[in-house]
Structure formats: structure tokens, C-alpha cells
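Please keep the sequence and the structure in view while reading.

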Amino acid sequence: TVYKVKNDQTEKIITLQGWIPTDLCVTSSGDLLVMNSDDKTQSKVDRYSDFTLKQTIQFDDKGQSLFSEYYMVKHISENRNLDICVADCGAGAVVVVNQAGKLRFRYTGHSSPTKNNPFKPRGITTDSQSRILTADCNNHCIHILEESGRFLRYIDNCDLKDPFGLYLDNNENLFVCEYGRSTVKQVKYVK
């Protein structure tokens, strides 16, 4: 079930049958994207407009699952160009689909001599330039990608420990939840 809380009042807005909501994102148009998993075999993204299901994104053009089958939490964000970006820890990938739900690309990490643990993206956010930022908890860094999926650079020079959740405010201030330290750190990543 998805609830809305306003002025200390809780309202049930979406009830799912056989699916568990694991993350959500409010889009620039006011739609609600809900990441769902079932009994550890499937995952999908549902788009709701005025709390009515409008779209389900689950399979690619070949009928293959876009997202991992493992019941691992997946985090979701919408890009400024309306792409839907999913940090899929179980797949070891960032999966990006366009607004119609068609696969644009999968990013599976960037090889580096200092980043030798498997890429398991956790939190994800996007900035005003449609860059994608994803937390790499295993390698204690954040990957920055262009909207096309090309790796730009790491944020790894600020003593991050198990970065997990990411949030960008309207001034491009990046807030990072550090799972290993139970802290929130503000990181300046643009000049």
C-alpha cells in the first residue's frame, strides 16, 4: 500500500495486489512512479496519474525482464529529459528507460584499479543537466554518468563510507546517506 501523509492525516492512495512497493518517485509532471517487487521473482515500475495506473514498465522489446528478479531494493528517479533511472543492486546495473518504457541503456560500472568490488548501485538521483548519480556502497563512491550512460567520474575524495541514499536539492547540493556511519553528508560535486 502507498499512503499520502498531509497535515498529520494519513490517506491510502494506492493498494497493490501481489506486489510490494519498494521505492517511489514523483515526476516533473506530478505522476507517481512506484518500483514494485513480488515474491522475489519479478520487478516492475508502475506509473500513476491522479492515483490511477497509467503504465507498467517491466519487459524489454524481446520480452526479457528489464530489472533483476532478485528481491533487492531498487531505487528510482526521473531525469530532466523524462528518462526513468533505476539503481538495480541485484543486477549490478543502472537501468535507464525512456518515458515510453523502452530501454535506453544499462550501466554496469566503470573499471578502475581502485574500485575492485562488484558494482552494486544503491541510491540514485539526477541533476539539472540530466546527469545520473548513483551510490556505489561496495566501493565507497558515487558514479556520475551523462544522460547517455557514459561514465564521467567518481565522487570518492570526500571520505565516503558505504554511500547508500542520495538526494539533490534545488541548488545542486548533494546529500549522501552513509549506511556504515549512520550519517548524512553534504557533498559539493559541481563548481
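V5 has T10 in strand β2 as its bridge partner. This is a predicted model, in which local features need pLDDT of at least 70, side-chain atom pairs count only at pLDDT 80 or more, and totals for chains, interfaces and linings use all residues. Residues are numbered from 1 along each chain as its sequence is written, and side-chain values use heavy atoms, with hydrogens and water left out.

The strand names come from DSSP: strands are E runs of at least two residues, helices are H or I runs of at least four residues, and both are numbered from the N terminus. Two strands pair if DSSP finds at least two bridges between them. Strand β1, residues 2-6, and strand β2, residues 9-14, run antiparallel and are joined by 5 bridges. The two strands form a hairpin with 2 residues between them. In that turn, N7 has a positive phi of about 50°.

Another hairpin is made by β16 and β17. C177 stands opposite V184 of β17. Between the strands of this hairpin there are 4 residues. S182 is found in the loop between β16 and β17, and its phi is near 55°, a positive value in a residue other than glycine. Is S182 buried or exposed? Its relative accessibility is 69%, so S182 counts as exposed; the cut-offs are under 20% relative accessible area for buried and over 50% for exposed, with partly exposed in between, using a 1.4 Å probe and protein chains only.

T183 belongs to strand β17, residues 183-187. T183 has a relative accessible area of 33% and is therefore partly exposed. Leaving aside neighbours within four places in sequence, T183 is in contact with V176, C177 and E178, where contact means heavy atoms within 4.5 Å. T183 and K161 are 22 residues apart along the chain, and their C-alpha atoms are separated by 9.5 Å.

Two further loops can be taken together. S28 is found in the loop between β3 (20-26) and β4 (32-37), while L82 lies in the loop between β7 (74-78) and β8 (84-88). Not counting residues up to four places away in sequence, S28 touches E78 and L82. S28 and N81 are 53 residues apart in sequence, and their C-alpha atoms are 9.8 Å apart in space. S28 is exposed because its relative accessible area is 62%; L82, with 26%, is partly exposed. L82 is a residue other than glycine with a positive phi, near 75°.

Turning to the chain as a whole, its secondary structure comes to 0 helices and 17 strands. Its radius of gyration is 16 Å, which agrees with the value near 16 Å for a compact globule of 191 residues; the radius is taken over C-alpha atoms, and the globule rule is 2.2 Å times the number of residues to the power 0.38. Along its principal axes the C-alpha trace spans about 45 × 45 × 30 Å. Buried residues make up 49% of the 191 residues. Of the contacts with a separation of 6 or more, 37% are between residues 24 or more positions apart.
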